[in-house]
Amino acid sequence: MTILRFDPRKCHDDLHRSARVDHTWPLHVSISADGRYVVFANFFALEQANIVADASLDVFRVDIQTGQLQMVSGPHGTGLSRGDMPVITDDGTRVAYRSWVDGADGTSQTGIAVKDMTTGTTLQVAGATGSTPVYYDDLSMSSDGRLVAYMTRPAYGDTFQESIVVQDVQTKRVLFRLDNLDNVHQVQLSGDGKSLLVNDDGLRIVNVANGTSQAIANVHDDNGNTAVSISADGRYVLYAANAGAVVPGASGTDVALVRLDVQTGAVKVVQQASGPPGIYIGTRT
C-alpha cells in the first residue's frame, strides 16, 4: 500500500485515459501492491456509464488492467456519502476512506468507512451523523485492511484535544489511543499494523501493542510540514532532516532526505551514486 497526500494536477494522464475522468484531477491517491488498482478522490461528475457523482468529493477505484471504474463512496444521501483520503489494501480488495455526512445542524461531519470491493459491503468504522467528535483526519490502514489509524478532534480547525486512534475494522475495537494532543500533523500506520509514525511537533514511532514511544532526532520541521513515511514492517522511517546534523559539511539551513533504521539506530542519507552528498529537498530560510 502506498499513500500519496498531494494534488497531482500534472500527473493524472494514465488515470484520465483509463477511467475517462474529465475536467478535474485525482486527489489523495493510493495504489495496491501489484500496481493494478488505484483509488483516488475526485470532485466532479464522471463520464463513465452508470456512475453519478455530484460536485462534492467522492472516492473511486480504477482497475488499470481493464479500465473499470467503480465508485467507492456513497450512495449519496446516506451516512456513507461523499469521501476523500482513500487508502487501498495491498491486494486491492478493500478501501478505507474518510466519509463526509451532513449533520442535523447543517454542518458537515466526518467518519471513517471501509468498503469491501468484492462484496460491496461498507462498514462505518468510526463517526456518523450526529456523533462526536465530528472531525477525522490522516487516515491510514494496515496492508491487510484489518486495522485503521487516524487522528480525530472535536471540530474542524481545532488543534487542541486531538486524539490518535488505531482501530480494528471488523470489531470496531480500539487497540490503541493517545488523547489530549496538540498540533498532530501526520499519522501513519505501518503495513503490519504494529508501528505508528506520529508527527506532532516532533517525530516519533509508537509501538501499537504497548504504547512505548521512540523519538526521532534532527527532524526538519517546517510548521509540521515535514516529509515522512514508514516501511511496511516498521523498521525503516524516511523523513526530512536538518542536513547540517547528518551530512558532513552541509549548511545548517539545508534539508536532506534520510532513512532511519529503527532497530539499529543507523541513519543513512538518501543520495546519488555521484555528485554532492545527500538529496536536498529544500533550504530553510
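1. Tyr 136 stands opposite Thr 152 in S11. S11 covers residues 147–153 and pairs with S10 in the antiparallel sense over 5 bridges. Two strands pair if DSSP finds at least two bridges between them; strands (E, at least two residues) are DSSP runs numbered from the N terminus.

2. The model is predicted: local features need pLDDT of at least 70, side-chain atom pairs count only at pLDDT 80 or more, and totals for chains, interfaces and linings use all residues. Residues are numbered from 1 along each chain as its sequence is written, and side-chain values use heavy atoms, with hydrogens and water left out.

3. The open sheet comprises 4 strands in the order S10-S11-S12-S13, with antiparallel pairing. Its edge strands, S10 (135–141) and S13 (174–181), each pair on one side only. From one strand to the next the twist averages 15 degrees (axes are lines fitted to C-alpha atoms, and angles run from 0 to 180 degrees between N-to-C directions).

4. Met 85, which is not a glycine, has a positive phi, near 55 degrees. This residue lies in strand S6 (residues 83–88). Its relative accessible area is 7%, so Met 85 is buried (buried means under 20% relative accessible area, exposed over 50%, partly exposed in between, with a 1.4 Å probe and protein chains only).

5. Asn 183 also is not a glycine, and its phi is positive, at about 60 degrees. Where does Asn 183 lie? Asn 183 is found in the loop between S13 and strand S14 (186–189). With 23% relative accessibility, Asn 183 counts as partly exposed.
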